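These are my notebook entries on a structure of two chains. Each entry records what I looked up and what I found.

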Amino acid sequence: MDLFKFLWTGVKEQQMLFGLLTGFALFPIYTAYADLPFWNDVAMRIMLLGMAAMGLNLILGYGGMVSFGHAAFVGIGAYCAGISQFYGLNNGWAHLGLSLGVCGILGLVISFLALRTSGIYFIMITLAFAQMLFFLFVSLEQYGGDDGMSINRADFMLFDLYNPLRLYYLIWSALLIISVILLFIVHSRFGVVLRAINNNESRVEALGLSPLRYKVTGYIISAMICGVAGTLFASWQEYVSPDIMHWSRSGELMIIIILGGLATLAGPLLGAVVFFILEELLPELLNLVAPSYAENWMIIFGPIMIFVVLFARGGLMGWVSRLAARRMSDHGVGQ
Amino acid sequence: MTFTLLLEQIFNGLQSGVTLFLIAAGLTLILGVMNFVFLAHGAQVMIGAYAAASLISITGNFYVAALAAIPITFLCGYVLEYLLIRHLYQRDHMDQVLATFGLILFFNELIRIGFGPAALFSNLPPSLSGFVYILPDSPYPVYRLLVIGVGLVCAAGIYYLVTRTKIGAMVRAGASNESMAAALGVNIRLLRRFIFSAGACFAGIAGIMLGPLTAVEPGMGEPLLILSLVVIIIGGLGSVHGAFIAAVVVGIVDTLGRVVLPLLLRSVMEQSAADGAGPALASMMVYLLMTVVLVFKPTGLFPAKG
């Protein structure tokens, strides 16, 4: 492939993505300077949810497969860490490997079965699989059942995770690696075919390609990315429970993607940032206006979601690119 | 297991099945006829339950409150369709999922602000809190029998409406080919609004009847919503009789599973673990059933679109 052309495609999006990544890399310097270590924790959570949303976006945004059960893979990733630690295996790299393997196999089985259906049926069958896994972990009493289990931070050897900054940069590195991998995937032949399937599946088939194979592969990759996010999430939270795979969490991932912008690389990360700003800001705002209702911030968040769906097509990334296009046309560049 | 226990559980399963059917009947038409993913249908159940519970405390009469709550739920559906839902029909499924997910958050929080986070419990009037003997030695609560009866009457009513009336013919025409129905002079916009409000109303009736049986609390509708989605998918989108069969099957499988599975598990593990794992595994069974159906019949058992 023409490397130069590859790097040039979607350069705006890459600027945004690497801008955000640089921001996250420098953020701990700011928090150390301003003495706000709590915000490092928030930033880690944002990066992890952004990572999971990026994984989901590969099939949801680029592939057009509305999977309503991806939180299950995040949960599986987390339980891979939790259960191995339960049996005394505390090596973080082993957890990650296990999580990649389990999520890969599970992604293969689930997508192979689920992709027999399409449309509303696909949304529902992915939800059904996620619910099955959710109730499976609720029923596993020895791993805490409904209440979940406390775990220690995994041992990543080079990274001593009891130093919170090392955990921060471990998560950051994972995010960077996944971003670069996704960048390559999206612009590779595979990514082009995946988008073409989203556009018109029968045409792709007429070209002699098997859409199912591409869709299953995309699903597996996205499941594995969510698994990595989950495994790191377990170390961050030092606690695993079925709540992480509740169906509303899958909804949350979808909100993050649509807030940021479907089928964009930076969108999910941007969406995760905005999601958490809203989550932090709305209670504060309500506290100013009506202090007794501060904890009911969802009553504003729900309508915001509806408005985003109704009026903000393309999410924040769409807004950014429209803004950029207008600025360019103001300067008489590019028609 | 004794025969009486089994019979009692089958009745409980039937009761939860007809309740599920009331929720699923409207939703299957919303999904099937309008091709609209409506996740806030559980909120309609919650609205029905809260309307009935607050009317009971105002009027003090269960029957009056239950009957008065029905038009309220119909009106809620009508207003919701007019204000928001009609703007979403042309959107893709992803947008519909997210907008109606936002609605769930909104309604749950609204109820939490209005009625507080704690669960409401409403007492049954003395005339409904007794038992009847379905067999000489097995008493069964009157109220649950009433729920089964009302559910079956509603099911018969829906069946009559869909198969024997002009509106029903339009609904079926819309389910099998909407643009053709529109070309033949069916007012699709009005039809959609009617289906939506009627669906909200039936979900509301389910909520009203569930009030005295379960905890009436914010978020009570979501587990029911997910279960009724399972029912709809098994029965086939847009098929009311498919939804009825699937609802009864899901209700009985779910209820029997909760009783039978812990008993089976007890023979392989100790009792406390079995009692904990049984209900969760029983909840899995329903999804397993749906997956098996979808793998062999990807459009459900009785799809309306042929």
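Entry 1, contacts along chain B. I looked up the contacts in chain B between residues at least 6 apart in sequence, and 77% of them join residues at least 24 apart. Two residues are in contact if their C-beta atoms, placed from the backbone, lie within 7 Å. I note that this is a predicted model, in which local features need pLDDT of at least 70, side-chain atom pairs count only at pLDDT 80 or more, and totals for chains, interfaces and linings use all residues. Residues are numbered from 1 along each chain as its sequence is written, while chains are lettered from A and ligands numbered from 1 in the order in which they are written.

Entry 2, the build of chain B. I found 11 helices and 2 strands in chain B. Helices (H or I, at least four residues) and strands (E, at least two) are DSSP runs, numbered from the N terminus. Read from the N terminus, the elements of chain B follow the order α-α-α-α-β-β-α-α-α-α-α-α-α. The radius of gyration of chain B is 20 Å, close to the 19 Å that the globule rule gives for 306 residues, so chain B is as compact as a globular protein of that length. The radius is taken over C-alpha atoms, and the globule rule is 2.2 Å times the number of residues to the power 0.38. The C-alpha trace of chain B spans about 60 × 50 × 35 Å along its principal axes. Of the 306 residues in chain B, 51% are buried. A residue is buried if 20 or more other C-beta atoms lie within 10 Å of its own, exposed if 12 or fewer, and partly exposed in between, with C-beta atoms placed from the backbone.

I looked up helix α2(B), residues 41-59, which has 19 residues and reaches 27 Å from its first C-alpha to its last, close to the expected 27 Å at 1.5 Å a residue. The expected span is 1.5 Å times one less than the number of residues in the helix. Because 15 of its 19 residues are buried, α2(B) is largely enclosed by the rest of the structure. Just after α2(B), I found Gly60(B) with a positive phi of about 80 degrees.

I found 14 helices and 2 strands in chain A. A compact globule of 335 residues would have a radius of gyration near 20 Å, and chain A agrees with its 20 Å. The C-alpha trace of chain A spans about 60 × 50 × 40 Å along its principal axes. Of its 335 residues, 47% count as buried. Among contacts in chain A with a separation of 6 or more, residues 24 or more positions apart account for 78%.

Helix α4(A), residues 71-86, has 16 residues and reaches 22 Å from its first C-alpha to its last, close to the expected 22 Å. I noted that 15 of the 16 residues of α4(A) are buried. Just after α4(A), Gly88(A) takes a positive phi of about 90 degrees. Helix α10(A) has 27 residues and reaches 38 Å, close to the expected 39 Å. In α10(A), 21 of the 27 residues are buried. Glu238(A), whose phi is positive, near 55 degrees, follows α10(A).

How many residues of chain B are in contact with chain A? I found 39 residues of chain B in contact with 37 residues of chain A. On the side of chain B that touches chain A, α4 (93-115), α9 (221-235) and α11 (271-296) of chain B each supply at least two residues. The largest share of this side, 15 residues, comes from α4(B).

A nonpolar core is a set of buried Ala, Val, Leu, Ile, Met, Phe, Trp, Tyr and Cys residues joined through C-beta atoms within 7 Å. The largest nonpolar core has 211 residues, of which Leu48(A), Val230(B) and Val231(B) touch the most other members. Helix α6 of chain A (residues 120-139) gives the largest share of this core, 16 residues.

The predictor gives the complex an ipTM of 0.81 and a pTM of 0.85. The mean pLDDT, the predictor's confidence in each residue from 0 to 100, is 84 for chain B.
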